[in-house]
Amino acid sequence: MDIYVFLQLIIVSIAATSAMTLFSYAASASFRELYKEPVLLTFMLTKLNIKLPEQTKATLAWILHYFIGFLFVAAYYFLWIRDILPISFLTAFLLGFVSGVIGILGWMIMFKLSDHKPAIDFKGYYFQLLLAHIVFGLVATAVYSLSITILILAKTYVTV
């Protein structure tokens, strides 16, 4: 992976994670529930007795949230470039769905390990999380496809 691909994946992961987070924040507001992953991660860091100022924990939670998004996008990228999966709407949906299942399992494990039981509707949170990851998969695929198209056009029509 060269620096250009790395930067491409950073951009894709920022777009996809931001779209997913926006979806979660909208769902949180609509249902008047705490479905905000960075906020829940901040609470998780507090429950794990990590001795940091609250603002540092909040910043760390956001960084962790976006880093996990990057890991998902990197996994998608390797599936695409090795021709294991095509770049399509159906694949985007399936990648988002599988990522959602992984995300749900991850949260279940984190809640269990930290003994953190936030006052949330868990079924609602997990359903929202699944939908948010589908949004993630769709946006990641769309932005990645767009970035490839721009790259191909740039290489074809721009000479340096």
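**View 1. About 250 Å³ of space lies in the second largest pocket. Fifteen residues, counted as 15, line this pocket, and Ile68, Phe72, Gly103, Trp107 and His133 are the closest to its centre. Helices α1, α2, α3, α4 and α5 each give two or more residues to the lining. Helix α4 gives the most, with five residues. By class, the lining has eight nonpolar, six polar and one charged residues. Nonpolar covers Ala, Val, Leu, Ile, Met, Phe, Trp, Tyr, Cys and Pro; charged covers Asp, Glu, Lys and Arg; the others, Gly among them, are polar. A pocket is an open set of points on a 1 Å grid over the protein atoms alone where a 1.4 Å probe fits, with protein on both sides within 12 Å along at least five of seven lines; lining residues have an atom within 4 Å of a point. The largest pocket.** This pocket holds about 340 Å³ of space. Its lining has 13 residues, with Tyr4, Val5, Gln8, Ser147 and Leu151 nearest the centre. Helices α1 (3-31) and α5 (122-157) each supply at least two of the lining residues. Ten lining residues are nonpolar, two polar and one charged. Helices are DSSP runs (H or I, at least four residues), numbered from the N terminus.

**View 2. The largest nonpolar core and Trp107.** The core has 33 residues, and Leu9, Tyr76, Trp107, Tyr125 and Phe136 have the most contacts inside it. Helix α5 supplies the largest share, nine residues. Such a core is a set of buried Ala, Val, Leu, Ile, Met, Phe, Trp, Tyr and Cys residues joined through side-chain atoms within 4.5 Å. Beyond residues up to four places away in sequence, Trp107 touches Glu37, Leu40, Leu41, Met44, Tyr125, Tyr126 and Leu129. Contact means heavy atoms within 4.5 Å.

**View 3. Ser114 in helix α4.** Ser114 lies in helix α4 (residues 89-114). Ser114 is buried, with a relative accessible area of 8%; buried means under 20% (1.4 Å probe, protein chains only). Neighbours within four places aside, Ser114 contacts Met44, Lys47 and Leu48. The C-alpha atoms of Ser114 and Leu85 are separated by 36 Å.

**View 4. Confidence along the chain.** Mean pLDDT, the predictor's confidence in each residue from 0 to 100, is 92 for the protein chain.

**Notes.** This is a predicted model: local features need pLDDT of at least 70, side-chain atom pairs count only at pLDDT 80 or more, and totals for chains, interfaces and linings use all residues. Residues are numbered from 1 along each chain as its sequence is written, and side-chain values use heavy atoms, with hydrogens and water left out.

Methods: Buried means under 20% relative accessible area, exposed over 50%, partly exposed in between (1.4 Å probe, protein chains only). Grid points are joined across faces, edges and corners, and a volume is the space filled by probe spheres set on the points.
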